[in-house]
Amino acid sequence: MNDLKAQGVNDILIATVDGLKGFPEAIGAVFPQTIVQTCIVHLIRHSMGFASWKERKPVTWR
C-alpha cells in the first residue's frame, strides 16, 4: 500500500479483497477512509466448507 501511495494514489474508495489475513489492516493503515469488503465469490467458496455435499446445490442455487 505504501508503494501505491508513493506512486501518487491519494485515496481508495472501495477495496475488494480475497480474505488474505492482514491485507484489510494494511489498506486501512495507509488509506484510512477506504471501505474494505470481501469478494462474494471467496465468501461463497469459504462457506461451502461448512455445508455437506448434499446441501451444496440447494445452498448455492436459488
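1. Thr34 is a buried residue, because its relative accessible area is 12% and the limit for burial is under 20%. The model is a predicted one, and it places Thr34 in the loop that runs between helix α2 (23-30) and strand β2 (35-38). A polar atom of the Thr34 side chain lies 2.7 Å from the backbone oxygen of Ile12.

2. Ile40 belongs to helix α3, which covers residues 40-47. With a relative accessible area of 55%, Ile40 is exposed, since the term applies over 50%. Together with Val41, Leu43 and Ile44, Ile40 makes a nonpolar surface patch of about 340 Å².

3. Ser52 is found in the loop between α3 and α4 (53-60), and its relative accessible area of 36% makes Ser52 partly exposed, because that value falls between the limits of 20% for buried and 50% for exposed residues. Although Ser52 and Ile35 are 17 residues apart in sequence, their C-alpha atoms are 33 Å apart in space.

4. Which ring has the charged end of Arg56 sitting over it? The ring is that of Trp53, and the charged end of Arg56 is placed 4.1 Å from its centre. As for pairs between aromatic rings, a search of the whole structure returns zero.

Definitions and conventions. Residues are numbered from 1 along each chain as its sequence is written. This is a predicted model: local features need pLDDT of at least 70, side-chain atom pairs count only at pLDDT 80 or more; totals for chains, interfaces and linings use all residues. Side-chain values use heavy atoms; hydrogens and water are left out. Patches are made of residues with over 30% relative accessible area and no salt bridge: like charges are joined within 9 Å, nonpolar side chains (Val, Leu, Ile, Met, Phe, Trp, Tyr) within 5 Å. Accessible areas come from the Shrake-Rupley method with a 1.4 Å probe; for residues, only the protein chains shown count as cover. A salt bridge is a side-chain nitrogen of Lys or Arg within 4 Å of a carboxyl oxygen of Asp or Glu. Helices (H or I, at least four residues) and strands (E, at least two) are DSSP runs, numbered from the N terminus. Buried means under 20% relative accessible area, exposed over 50%, partly exposed in between (1.4 Å probe, protein chains only). Rings of Phe, Tyr and Trp (its six-membered ring) pair if their centres lie within 6.5 Å; planes under 30 degrees apart count as stacked, over 60 as edge-to-face and the rest as tilted. A charge sits over a ring if NZ of Lys or CZ of Arg is within 6 Å of the ring centre and within 35 degrees of the ring normal. A polar contact is a pair of N or O atoms within 3.5 Å; within protein, one must be able to donate a hydrogen and the other to accept it, and residues adjacent in sequence count only if both atoms are side-chain atoms.
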